[in-house]
Amino acid sequence: MSRETVYVQQCKGVNGLDKIILREVRGFSCEVYLYGGQITSWKNELGEELLFVSGKANFKPPKSIRGGIPICFPQFSNMGSLEQHGFARNRLWTLDPNPPPFPTNSTSRAFIDLILTNSEEDTKNWPHRFEFRLRIALGPGGDLMMTSRIRNTNTDGKSFTFTFAYHTYFYVTDISEVRVEGLETLDYLDNLKNRERSTEQGDAITFESEVDKTYVSTPTKIAIIDHERKRTFVLRKDGLPDAVVWNPWDKKAKTISDLGDDEYKHMLCVEAACVEKAITLKPGEEWKGRQEISAVPSSYCSGQLDPRKVLLNH
Ligand code: TA6
């Protein structure tokens, strides 16, 4: 008798934190903590983990969880008045018991809506009212789809401005055998050189030292190729013009208390973001930012990969 797929399961995770497991029929799954509204696992049909979470991650509020997909809102970076990357990843989100029906273009039943609104505490530092609806879904092919809808619910007539990122930590077999396609020749802000603006070289991006770059006006598709594993992650985004690429490498990794000294070898952050040009919403206005990530086999010999072909074929 075929086992009925349990598409959405609520349970307790690390340290008893509330967790939700999404499963889809082909065997893909993902795990989401209400704390931070943060995805901490995305596994393929073989049960292989596709995201990186540090072995030293704190699953203890108020620290953020190192890894998975932290939500950076209402501020990306430490360039504003709030803590680095804003407060959304350090707050308890609520599960919407009756999410509105999925758009007709998807038959997925493995989806949830998480909700975050302004707390009294937060309005001291960020004096605005908002509703943030985060939809997380596993598509029929196991794609991990995230849609953020942020609405200005101010009753004082005031607009607000924010920056945003899905701070996705991809698991990679060996960072020195990873290429990123789709960002060549683009302008970027180098966060290691005080956000100095430069232009990326013409070849695929590879890694042999610390990288912390915000690419601006990027294409909707970016490919992250794990050569060792013959796996390509394809990141598609909408409403998120920028892409942050980060690996701390060895020296910086040692300064990060919730990251193992050698764990930098197995992670790469490629983050669909709105950083260079902040978003401003008037009361009642809503912004939507989507990302969809998939993991596909990439049988190629390094150097023979045609970025245009990879991006067009997926
Ligand atoms: O996304 C890149 C970055 O801004 C890096 O500069 C580094 O600070 C990283 O985020 C991690 O930030 P976190 O606050 O999670 O330690």
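What follows is a short exchange about ring pairs, salt bridges and a pocket.

Modeller: One note before we start: this is a predicted model.

Biologist: How many aromatic pairs does the structure hold?

Modeller: The structure holds 22 aromatic pairs.

Biologist: Why is the pair of Trp 93 and Phe 132 called edge-to-face?

Modeller: Two values decide it. The ring centres of Trp 93 and Phe 132 are 4.8 Å apart, and the cut-off for a pair is 6.5 Å. Their planes stand at 70 degrees. Planes over 60 degrees apart count as edge-to-face, so that is the label for this pair. Trp 93 sits in the loop between strand S5 and strand S6, and Phe 132 in strand S8, 39 residues apart. Both residues are buried.

Biologist: What makes the pair of Phe 170 and Phe 233 tilted?

Modeller: The angle between the planes is 45 degrees, with 4.8 Å centre to centre. Stacked needs under 30 degrees and edge-to-face over 60; the rest is tilted. Phe 170 belongs to strand S11 and Phe 233 to strand S17, 63 residues apart. Both Phe 170 and Phe 233 are buried.

Biologist: How do you know that Lys 213 lies over the face of Tyr 188?

Modeller: Lys 213 is at 4.3 Å from the ring centre of Tyr 188. The distance limit is 6 Å, and the charge must also be within 35 degrees of the ring normal. Lys 213 counts as lying over the face.

Biologist: Why do Glu 286 and Arg 151 count as a salt bridge?

Modeller: Their closest N and O atoms are 3.2 Å apart. The limit is 4 Å, so the pair qualifies. Glu 286 lies in strand S20 and Arg 151 in strand S9, so the bridge ties together parts 135 residues apart in sequence.

Biologist: Why is Glu 286 called partly exposed?

Modeller: Its relative accessibility is 39%. Buried means under 20% and exposed over 50%, so a value in between is partly exposed. Arg 151, at 33%, counts as partly exposed too.

Biologist: What makes Lys 277 exposed?

Modeller: Lys 277 has 61% relative accessibility, and the cut-off is over 50%. Its side chain meets Glu 276 in a salt bridge at 3.3 Å, N to O. Glu 276, at 29%, counts as partly exposed.

Biologist: Which residues lie nearest the centre of the largest pocket?

Modeller: Ser 77, Asn 78, Gln 84, His 85 and Asp 212 do, out of 32 lining residues. The lining divides into eleven nonpolar, eleven polar and ten charged residues. About 670 Å³ of space lies in this pocket.

Terms used:
Residues numbered from 1 in each chain as written. Predicted model: local features only at pLDDT ≥ 70, side-chain atom pairs only at ≥ 80, totals over all residues. Heavy atoms only, no water. Phe/Tyr/Trp six-rings, centres within 6.5 Å; stacked < 30°, edge-to-face > 60°. Helix = DSSP H or I, 4+ residues; strand = E, 2+ residues; numbered from the N terminus. Buried < 20%, exposed > 50% of the residue type's maximum accessible area, 1.4 Å probe, protein only. 1 Å grid on protein atoms, 1.4 Å probe; cavity = no way out; pocket = protein on both sides within 12 Å on 5 of 7 lines; lining within 4 Å. Points joined across faces, edges and corners; volume = space filled by probe spheres on them. Nonpolar A, V, L, I, M, F, W, Y, C, P; charged D, E, K, R; others polar.
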